[in-house]
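Welcome! Take a look at the structure below, and then we will walk through a few of its parts together.

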Amino acid sequence: MRWEDFGQSVNVEDRRGGGGGGFGIPMGGGLGIGTIIVLTLVGWALGINPAILIGGAEMVGRGREASIERPAPRPSGPIEDEGGRFVSAILKNTEDVWNELLPAQTGKPYREPKLVIFSGATRSRCGPAQSAMGPFYCPLDQTVYIDLSFFNEMQRKFRAGGDFAYAYVIAHEVGHHVENVLGLLERVQRRQREVSQVEANQLSVRVELMADCLAGVWAFHSNQRWKSLEEGDVEEAMNAAAAIGDDRLQKQSQGYVVPDSFTHGSSAQRTRWFMQGLKSGQVQSCDTFRVSRL
Ligand SMILES: [Zn+2]
């Protein structure tokens, strides 16, 4: 994924203290047949001529062996480690997309969320945050919380690494913020207090799959304006969506404990809704509450 030109968000708070590290962006190699198939898939998904995309990817492929630096830990000041800068860049890009897109498609102005990078544990208005919880969004302080070690876990435990896979995780949390701005989270939470646990979980699945779809909508527009998608990116995100689906997670006896792990939808559902957003670029296409079968 090309993210170096996104700029940096002003809404990131770095609470790590000890600085970043331990996060590398895997660089793509040559253009194999698998890549071409994936690019064709991307082209199909986004309605672009695959040949153009392949040409673009070739150009991007060269000169991208940029060094992955591990700067010395710094307690405060601007974020300079690659992991932190990556998260900030993706957040900035979601701001640019949603600031324009949300009013245009829904008539509602967008409010930018905050994002806290922490390590180990921190506080949120929704309660204490621990890295073992995985990334999450707290509607009360409109903040995304993330410990970058989650990306290493995705790579190591779920084999779902890659910069676009990580971007998808951030975009999914931002998707929850979009749901919040639209007033949907509040409506769902009110309803969940009135129904059975099973029904409440089903509502949660719809909220999660909508966030996946909204992540796809972001990716569509980011790619349209910044040509940010590269070879294998969509495959990466779909792999990540599948890897962190409930059914797959439950098979992992150890690893990250996602608090609402029974409420995210199956791997197939997550992949399908992400692709739905990626193909349409339309917020309206993400209304998981309108369909009877997810
Ligand atoms: Zn979620």
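Let us start with Pro 103, which has its place in helix 3 (residues 82-106). Helices here are DSSP runs of H or I with at least four residues, strands are runs of E with at least two, and both are numbered from the N terminus. Pro 103 counts as partly exposed because its relative accessibility is 33%. Buried means under 20% relative accessible area, exposed means over 50%, and partly exposed lies in between (1.4 Å probe, protein chains only). Not counting residues up to four places away in sequence, Pro 103 touches Trp 98, Lys 108 and Pro 109; contact means heavy atoms within 4.5 Å.

A word on where this comes from: the model is predicted, local features need pLDDT of at least 70, side-chain atom pairs count only at pLDDT 80 or more, and totals for chains, interfaces and linings use all residues. Residues are numbered from 1 along each chain as its sequence is written, and side-chain values use heavy atoms, with hydrogens and water left out.

Next comes Asn 180 in helix 5 (residues 163-181). Is Asn 180 buried or exposed? At 15% relative accessibility, Asn 180 counts as buried. Leaving aside neighbours within four places in sequence, Asn 180 is in contact with Tyr 137, Pro 139, Gln 142 and Leu 185. Asn 180 also lies 9.8 Å from Cys 138, C-alpha to C-alpha, although 42 residues separate them in sequence.

Here are the two residues side by side:

| Residue | Relative accessibility | Class |
|---|---|---|
| Pro 103 | 33% | partly exposed |
| Asn 180 | 15% | buried |

Now for helix 7 (residues 197-226), whose 30 residues reach 43 Å from first C-alpha to last, close to the expected 44 Å. That expected span is 1.5 Å times one less than the number of residues. Helix 7 is largely enclosed by the rest of the structure, because 22 of its 30 residues are buried.

Helix 6 (residues 184-192) packs against helix 7 at an angle of about 165°, with the axes 9 Å apart. This makes helix 6 roughly antiparallel to helix 7, a label for angles over 145 degrees. In this pairing, Leu 184, Leu 185, Val 188, Arg 191 and Gln 192 of helix 6 meet Ala 200, Leu 203, Ser 204, Val 207 and Met 210 of helix 7.

Finally, the whole protein chain has 10 helices and six strands, and 53% of its 294 residues are buried.

Note on methods. Axes fitted to C-alpha atoms, helices over the stretch in contact; angles between N-to-C directions. Parallel < 35°, antiparallel > 145°, perpendicular 65-115°, else oblique.
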